[in-house]
Structures are given as structure tokens and as C-alpha cells.
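Good morning, and thank you for the time. Please look at the sequence and the three-dimensional view while I speak.

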Amino acid sequence: MRLTMLAPPGAGKGTQGEKIREVYDTPELSTGYLLRMHKNNRTPLGLKAEKYIDKGELVPDELMINMIKDQLKKPEYQKGFLLDGFPRTINQAEELDLVLEEHGPNLDVVLVLDVPKDVLVKRLTARRTCRKTGKVFNMEFNPPPPNYPHELYQREDDKMETVLYRMKIFDNRTKPLIDYYTKKGLVRFVKGTGSLDEVFGRIREVLDKIRESS
Ligand code: AMP
């Protein structure tokens with residue numbers, strides 16, 4: 001299965017992505033995670049991307065498209081994948097279409113996670129990330145186990161002001177993709193509020209149907 005999730009920051013893309021990978025054996029490709037690894041390792045891409053990430057701005061399309069092209073060539077993504085955080089602009093979506101045309105079938109489904117803004121802000125500002133593994137916790141809804149061994153930190157871009165800015169960018173740059181993929185018949189809306197398991201239950205209903213029909 002080849003899928004992507006369109007959702008504002010804090011809607012649960014990462015957490016639900018992990019569950020999708022476990023159940024459907026679909027390797028996850030998270031552009032935010034990859035960029036943070038580049039940033040932490042001080043690679044040339046990480047150094048270029050850093051200022052955008054910290055301000056909550058989108059990294060320029062050209063850098064993102066090259067990064068995703070390199071990733072999608074890897075053997076582990078040939079049978080299917082789950083994109084988390086890509087595409088985020090129309091230009092990225094058009095480029096993704098071209099890359100996928102070259103390598104086989106296009107996307108099977110685009111999941112849109114629907115979460116009201118006030119819930120998103122609450123979730124994002126309570127979010128903490130593990131410095132060692134990149135794993136994301138939420139101090140309110142999904143706290144780390146007691147005696148968790150690694151240091152947790154608040155991402156620069158999870159601070160309130162930046163969170164609001166990232167939401168504006170989502171509305172302006174990424175939301176138009178819902179139309180783009182609706183025209184292709186690929187969009188399925190999923191209510192993203194409730195417990196992690198409730199949301200995943202809704203995602204399963206959608207994905208099971210897609211799997212049966214393919
Ligand atoms: P995320 O973890 O998906 O919220 O991504 C964190 C940050 O990485 C975003 O705020 C952007 O600065 C950058 N980023 C991730 N994916 C993309 C993308 N597809 N296009 C541009 N910037 C991205």
C-alpha cells in the first residue's frame with residue numbers, strides 16, 4: 001500500500017504512522033524526522049534546513065524533493081510506504097506524481113486527519129521529543145513510561161508562537177492539497193480526536209477497505 005497523510009501539525013501523523021506501519025507492514029518515511037536527523041548530525045542538508053525548521057517554515061521544495069527522491073529509490077520502499085509530512089505543497093505533490101509514475105503505481109490513498117485547532121495547540125505545546133531516539137511523547141495524552149532513560153526536550157518549533165505560525169502555513173500551503181487529491185479520488189477523511197486507539201480504529205476501517213479492493 002502507498003499512502004500519505006495530510007494533517008496539520010499535532011494531528012497525530014507520527015503516532016498513527018507508527019501503528020499503521022506495525023499493522024500493515026508499510027514502512028514509514030517521515031520527512032520531519034529525517035530533517036531533524038540531518039540537523040542533529042550537522043549534514044549539509046541539515047545545515048541548510050535548520051533555519052526553516054526552527055522558525056516553523058517549510059524547507060524549500062527543491063531540497064525536499066531531492067531528499068524524497070533519494071529515499072524512494074531505496075529497496076525497502078518498493079512494495080509500499082507511508083509518507084508522513086510529504087507532500088506539503090502543490091509543487092511537491094506534482095513532483096511526487098512524476099516520481100511515482102516512473103517507479104510504478106501512484107498513491108492508493110491520502111488520509112486527511114481532521115482535528116480542531118484548539119486541540120492541536122494543546123497537543124503540540126505538551127509534546128516532548130526524545131533526544132536519543134527521536135520518539136515523540138505527549139505529557140498529557142501519551143507520556144513516557146516511568147524511569148524513561150533518555151532526555152526529553154521541547155522542539156524549538158513546538159513553542160506556542162511557532163505552533164500558531166506552522167498552522168497558518170498548513171492552511172495556506174498544505175490545505176490546497178486536499179482539493180488536489182480529491183480530484184484524483186484519493187482523499188479519505190478521518191476524525192482525529194479521541195484516544196489514539198479510537199483514531200486508529202477509524203484509520204483501519206478505511207485502510208482495510210482499500211486493501212480489500214486492491
Ligand atoms: P514535522 O515533524 O512533519 O512537523 O516537520 C517538522 C518541520 O520540518 C516542518 O515544520 C518543516 O520545517 C520541515 N518539513 C518537514 N516536511 C516538510 C516538507 N514536506 N516540506 C517542507 N518542509 C518540511
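Two residues are said to be in contact when they have heavy atoms within 4.5 Å. The model is a predicted one.

Val112 is found in strand S4, which covers residues 109–114. Leaving aside residues up to four places away in sequence, Val112 touches Leu6, Ile178, Val187, Arg188, Phe189 and Val190. Is Val112 buried or exposed? Buried means under 20% relative accessible area, and Val112 is buried because its value is 4%. Val112 also shows how the chain returns to itself: Val112 and Thr4 are 108 residues apart in sequence, while their C-alpha atoms are 8.7 Å apart in space.

Beyond residues up to four places away in sequence, Lys117 touches Met167 and Asp171. Lys117 has a relative accessibility of 45%, so it counts as partly exposed.

Let us now consider the protein as a whole. Among contacts between residues at least 6 apart in sequence, 70% join residues at least 24 apart. The protein has nine helices and eight strands. Its C-alpha trace spans about 45 × 40 × 35 Å along the principal axes. For 214 residues, a compact globule would have a radius of gyration near 17 Å, and the protein has 17 Å, which agrees. Buried residues make up 47% of the 214 residues. The accessible surface comes to about 11200 Å², and carbon and sulfur atoms account for 50% of that surface.

I turn next to helix H2. Which residues of H2 are buried? They are Thr31, Leu34, Leu35, Arg36 and Lys39. These buried residues pack against strand S2, helix H3 (44–55), helix H4 (61–72), strand S3 and strand S7. After H2 comes Arg42, whose phi is positive, near 55°.

Rolling a probe the size of a water molecule over the atoms shows where empty space is left. How many cavities of 30 Å³ or more does the structure hold? There are two.

The largest cavity contains about 50 Å³ of space. Its lining consists of Arg36, Met37, Asn40, Thr129, Cys130, Arg131, Gly134 and Tyr153. The elements that give two or more residues to this lining are helix H2 (31–40) and strand S5 (127–130). H2 gives the most, with three residues. By class, the lining has three nonpolar, three polar and two charged residues.

Helix H5, residues 90–103, provides the largest share of the lining, namely three residues. By class, five residues of the lining are nonpolar, two are polar and one is charged.

Finally, I would draw attention to some details of the backbone. Where does Pro87 lie? Pro87 is in the loop between strand S3 (81–84) and H5. The peptide bond that joins Phe86 and Pro87 is cis, with omega at about 0°.

Asp25 has a positive phi of about 55°, although it is not a glycine. Asp25 belongs to the loop between helix H1 (13–24) and strand S2 (28–30). Exposed means over 50% relative accessible area, and Asp25 is exposed because its value is 67%.

Asn147 is not a glycine either, and its phi is positive, at about 60°. Asn147 is placed in the loop between strand S6 (136–138) and strand S7 (152–153). With a relative accessibility of 76%, Asn147 counts as exposed.

Thank you for your attention.

Note on methods
Residues numbered from 1 in each chain as written. Predicted model: local features only at pLDDT ≥ 70, side-chain atom pairs only at ≥ 80, totals over all residues. Heavy atoms only, no water. 1 Å grid on protein atoms, 1.4 Å probe; cavity = no way out; pocket = protein on both sides within 12 Å on 5 of 7 lines; lining within 4 Å. Points joined across faces, edges and corners; volume = space filled by probe spheres on them. Helix = DSSP H or I, 4+ residues; strand = E, 2+ residues; numbered from the N terminus. Nonpolar A, V, L, I, M, F, W, Y, C, P; charged D, E, K, R; others polar. Rg over C-alpha atoms; globule rule 2.2 N^0.38 Å. Buried < 20%, exposed > 50% of the residue type's maximum accessible area, 1.4 Å probe, protein only. Areas by Shrake-Rupley, 256 points an atom, 1.4 Å probe, with all protein chains shown as cover.
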